[in-house]
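Visitor: I am new to this structure. Please show me how to read its features.

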Amino acid sequence: QDVLATEEDAKRRMLLRYIHAVKEHATAVTDGSGGILQLPESNVSDEEVHALAALLRNNLNIVELNLRNNNVSDDGARALGAVLAGKSALRTIDLRGNKIGPGAIRILAEALERAERVKHGDVHQGGKIEALGTTT
């Protein structure tokens, strides 16, 4: 039970670190060029993606998100699909090397299709999505 409590505490600290990183990027970008959130190979799971999605929703500063080679599954991909379909500044998203199935890939593809600002999006080997849109 002590091991479980230690693991849960470590996970909470990591989640807070991701949230803090997103907030830093969102407030640090003032020159209009947009911020980049790089979290490749960071052991990010759906729980962290939901927190990131909540912060990225209506965020007009983060333009690029790299979650390559993490533990994002269908649930996390659906959360990101909602961000892409809504109001955000994201133009590039990299989800390669995650555990995203065909159903969630379809949801991402539909969100990318509706997101006119998306310039590029990668999903993963089995169902790689190359989404091209406007850069504005």
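Guide: Strand 1, helix 2 (residues 46-56) and strand 2 form a right-handed β-α-β unit. Right-handed means that, with the strands pointing away from the viewer, the path from the first strand over the helix to the second runs clockwise. Helices (H or I, at least four residues) and strands (E, at least two) are DSSP runs, numbered from the N terminus. The model is predicted: local features need pLDDT of at least 70, side-chain atom pairs pLDDT 80 or more, while totals for chains, interfaces and linings use all residues. Residues count from 1 along each chain as its sequence is written, and side-chain values use heavy atoms, without hydrogens and water.

Visitor: How many bridges join strand 1 to strand 2?

Guide: Strands pair if DSSP finds at least two bridges between them. Here 4 bridges link strand 1 to strand 2 (residues 62-66), and the two run parallel. Gln38 has Asn66 as its bridge partner in strand 2.

Visitor: Which side chains of strand 1 are buried?

Guide: Buried means under 20% relative accessible area, exposed over 50%, partly exposed in between (1.4 Å probe, protein chains only). Along strand 1 (residues 35-38), Gly35 and Leu37 point to one face and are buried.

Visitor: What is Leu65 in contact with?

Guide: Contact means heavy atoms within 4.5 Å. Beyond its neighbours within four places in sequence, Leu65 touches residues including Leu37, Leu80 and Asp94.

Visitor: Where is the salt bridge?

Guide: Side chains of opposite charge can pair when their charged atoms come close. The cut-off is a side-chain nitrogen of Lys or Arg within 4 Å of a carboxyl oxygen of Asp or Glu. Asp94 and Arg96 meet this way (2.7 Å, N to O). Asp94 is buried, at 11% relative accessible area; Arg96 is partly exposed, at 22%.
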